[in-house]
Amino acid sequence: MSTEAVAKHPALMAPTQDSQINGRLLLHDLRSPINIGMILRVAETFRFRVAIYDPSGVLDDPARSKTISDFACGALQRLGYARIGSAGELDALGRTGRLIGMTIEPPSVSLPEFDFRRSDIFTVGNEYDGLPADFVARCSLNVTIPMEDVWSPKPKSHSPIDPGRNRPVSNDGKPNLNAAMSAGILIYSAFQGLRG
Ligand SMILES: C[S@@+](CC[C@H](N)C(=O)[O-])C[C@H]1O[C@@H](n2cnc3c(N)ncnc32)[C@H](O)[C@@H]1O
């Protein structure tokens with residue numbers, strides 16, 4: 001199956017009562033193909049489905065698509081993802097379950113307190129800026145993986161995800177996790193929570 005064919009698979013984001021599916025993840029403007037590939041891999045492992053909103057066109061770049069494929073370790077070809085092509089499709093997706101923003105900012109529910117539902121849609125934000133404020137405002141709830149208050153400013157990268165960017169990352173210095181790492185922790189917690 002080609003990458004393009006799986007990318008357009010519409011059934012992946014339908015609301016489901018299927019007990020074989022543990023939840024859904026929406027990637028909101030992620031720029032790193034490594035992160036996207038790693039998330040596809042961990043999502044497949046714990047029976048999550050993935051949708052990708054990609055206004056900057058990472059998915060359309062052949063070189064970055066190959067990196068996604070490499071880091072997905074076959075999950076791209078086996079399950080793929082649903083591509084959310086417009087703000088309207090994003091709205092439609094948000095009507096199929098609770099939209100949950102993954103964020104480091106309050107107000108949010110701490111992950112150990114979160115009451116998981118299989119129809120939830122957890123949203124991972126951009127590596128530099130997180131989720132836009134207007135998107136967070138539309139979410140039913142936000143969730144935070146609790147962290148220690150370690151001051152951790154980000155130094156300049158040798159090979160930045162977005163070479164054209166000059167501004168510092170949002171909330172620079174505030175503790176935060178890598179996007180794929182956050183998705184992995186969330187997905188595993190959901191897997192454990194749903195098993196009771
Ligand atoms: C590298 S972080 C973005 C950090 C960004 N500077 C900010 O201010 O949000 C990328 C994404 O990972 C997720 N994330 C990172 N740490 C998290 C945490 N402790 N709890 C929940 N989500 C987290 C969020 O979705 C975030 O948008």
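Contact here means heavy atoms within 4.5 Å. The model is predicted: local features need pLDDT of at least 70, side-chain atom pairs count only at pLDDT 80 or more, and totals for chains, interfaces and linings use all residues. Residues are numbered from 1 along each chain as its sequence is written, and side-chain values use heavy atoms, with hydrogens and water left out.

**View 1. Contacts of Phe122.** Phenylalanine 122 touches Arg24, Leu25, Leu26, Phe48, Ile100, Met102, Phe114, Phe116, Val143 and Leu186. Residues up to four places away in sequence are not counted.

**View 2. Nonpolar cores.** A nonpolar core is a set of buried Ala, Val, Leu, Ile, Met, Phe, Trp, Tyr and Cys residues joined through side-chain atoms within 4.5 Å. Buried means under 20% relative accessible area (1.4 Å probe, protein chains only). The largest core has 35 residues; Leu25, Leu27, Leu40, Phe122 and Leu186 touch the most other members. Elements giving two or more residues to this core include strand E1 (23-28), helix H2 (33-45), strand E2 (48-53) and helix H7 (179-195). Helices (H or I, at least four residues) and strands (E, at least two) are DSSP runs, numbered from the N terminus. H7 gives the largest share of this core, 7 residues. A second, separate core of 12 residues includes Tyr53, Ile121, Leu131 and Phe135.

**View 3. The open sheet.** Seven strands run in the order E3-E2-E1-E6-E4-E7-E5, with parallel pairing. Two strands pair if DSSP finds at least two bridges between them. Strands E3 (82-84) and E5 (109-110) are the edges, each pairing on one side only. E1 and E2 pair in the parallel sense over 6 bridges. Glycine 23 has phenylalanine 48 of E2 as its bridge partner. H2 lies across E1 and E2, at about 155° to E2. Axes are lines fitted to C-alpha atoms, for helices over the stretch in contact, and angles run from 0 to 180 degrees between N-to-C directions.

View 4. On a 1 Å grid over the protein atoms alone, a cavity is a set of points where a 1.4 Å probe fits but cannot get out; lining residues have an atom within 4 Å of a point. Grid points are joined across faces, edges and corners, and a volume is the space filled by probe spheres set on the points. The count comes to 1 cavity of 30 Å³ or more. The largest cavity has a volume of about 50 Å³. Among its 10 lining residues, Leu40, Phe48, Val50, Leu79 and Gly80 are the closest to its centre. H2 and E2 each give two or more residues to the lining of this cavity.

Notes:
Buried means under 20% relative accessible area, exposed over 50%, partly exposed in between (1.4 Å probe, protein chains only). On a 1 Å grid over the protein atoms alone, a cavity is a set of points where a 1.4 Å probe fits but cannot get out, and a pocket is an open set with protein on both sides within 12 Å along at least five of seven lines; lining residues have an atom within 4 Å of a point.
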